[in-house]
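Trainee: I have a model open and would like to go through it with you. Can we start?
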2 protein chains.
Amino acid sequence: MDTKKAAKIFKALSHPNRLELYLKIAEAHEASFQSGSECFITDIIDCLNIGASTISHHIKELANAELITTEKRGKFLVCKINEELVDEVSKMLGLNQK
Amino acid sequence: MDTKKAAKIFKALSHPNRLELYLKIAEAHEASFQSGSECFITDIIDCLNIGASTISHHIKELANAELITTEKRGKFLVCKINEELVDEVSKMLGLNQK
DNA sequence: TTATTAATTCGACGGTTATCGAAACATAAA
DNA sequence: TTTATGTTTCGATAACCGTCGAATTAATAA
């Protein structure tokens, strides 16, 4: 992965609220392996203390960095983690190959 | 690690030039295990196309996020990677415990 | 001491960003 | 069809950020 793309990914995670949003999506993603449930962002909006329009903006940035994929299900939005990319970028920090 | 600190770390890596700077330090850090050499930032400045004052500013941000530690050796500056923190944050992305 | 080299500090400029609220849109419910 | 709900878009505002260049400090070399 080239530096520019990696920087974009880190940037997507560089704001406390947006990182929290990502972590909640990741948490729901993990849970879905057992329960088969999915992550609707409506449920997340209530946890964070920011407006819906801001959430929408943050989601778009996470998706733009390809950290997540989104899918419209009826009037809801479902979010999934891009596992391969996350693995790749977490390896990139460089000191876990030992 | 709390979300705020993690976001600060990702922010430190969120700019292409600063990420490249970090990666060069990490590379020199790896190499030092064999050669015993150390990472002087003077050598790095020539690689990146930005002024010395900007480098100094970036180094301070990396250090402020605790990703690196710095030590003055004569008139030079030596940089080291904070391995534990890097490991911790790379695990935090959440999907490599499988 | 004087000159050179490495690094830092400072002020400024231009561009980006997080957030809000209102309005618009889309889908589902009544 | 009307109403309600989830999401997006838009414009605006305030704060933040990367970069530069000049001046400064500190340490070594001549």
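Trainee: How many nonpolar, polar and charged residues does the surface near DNA strand C have?

Mentor: This is a predicted model, where local features need pLDDT of at least 70, side-chain atom pairs count only at pLDDT 80 or more, and totals for chains, interfaces and linings use all residues. Residues are numbered from 1 along each chain as its sequence is written, and chains are lettered from A and ligands numbered from 1 in the order in which they are written. The surface near DNA strand C has 8 nonpolar, 11 polar and 2 charged residues. Near means a C-beta atom, placed from the backbone, within 6 Å. Ala, Val, Leu, Ile, Met, Phe, Trp, Tyr, Cys and Pro count as nonpolar, Asp, Glu, Lys and Arg as charged, and the others, Gly among them, as polar.

Trainee: Which residues come nearest to DNA strand C?

Mentor: Of the 21 around it, Ser53(A), Gly74(A), Thr42(B), Ser53(B) and Ser56(B).

Trainee: Which element gives the largest share of that surface?

Mentor: Helix 4 of chain B, with 5 residues. Helices (H or I, at least four residues) and strands (E, at least two) are DSSP runs, numbered from the N terminus.

Trainee: New topic. How do strand 1 and strand 2 of chain B run?

Mentor: They run antiparallel, joined by 6 bridges; pairing takes at least two DSSP bridges. Glu71(B) stands opposite Val78(B). The two strands form a hairpin with 2 residues between them, and Gly74(B) in the turn has a positive phi of about 65°.

Trainee: And how many residues does each chain give to the contact between A and B?

Mentor: Chain A gives 22 residues and chain B gives 22 residues, with contact meaning C-beta atoms, placed from the backbone, within 7 Å. On the chain A side, helix 1 supplies the largest share, 6 residues.

How values were computed: Two residues are in contact if their C-beta atoms, placed from the backbone, lie within 7 Å.
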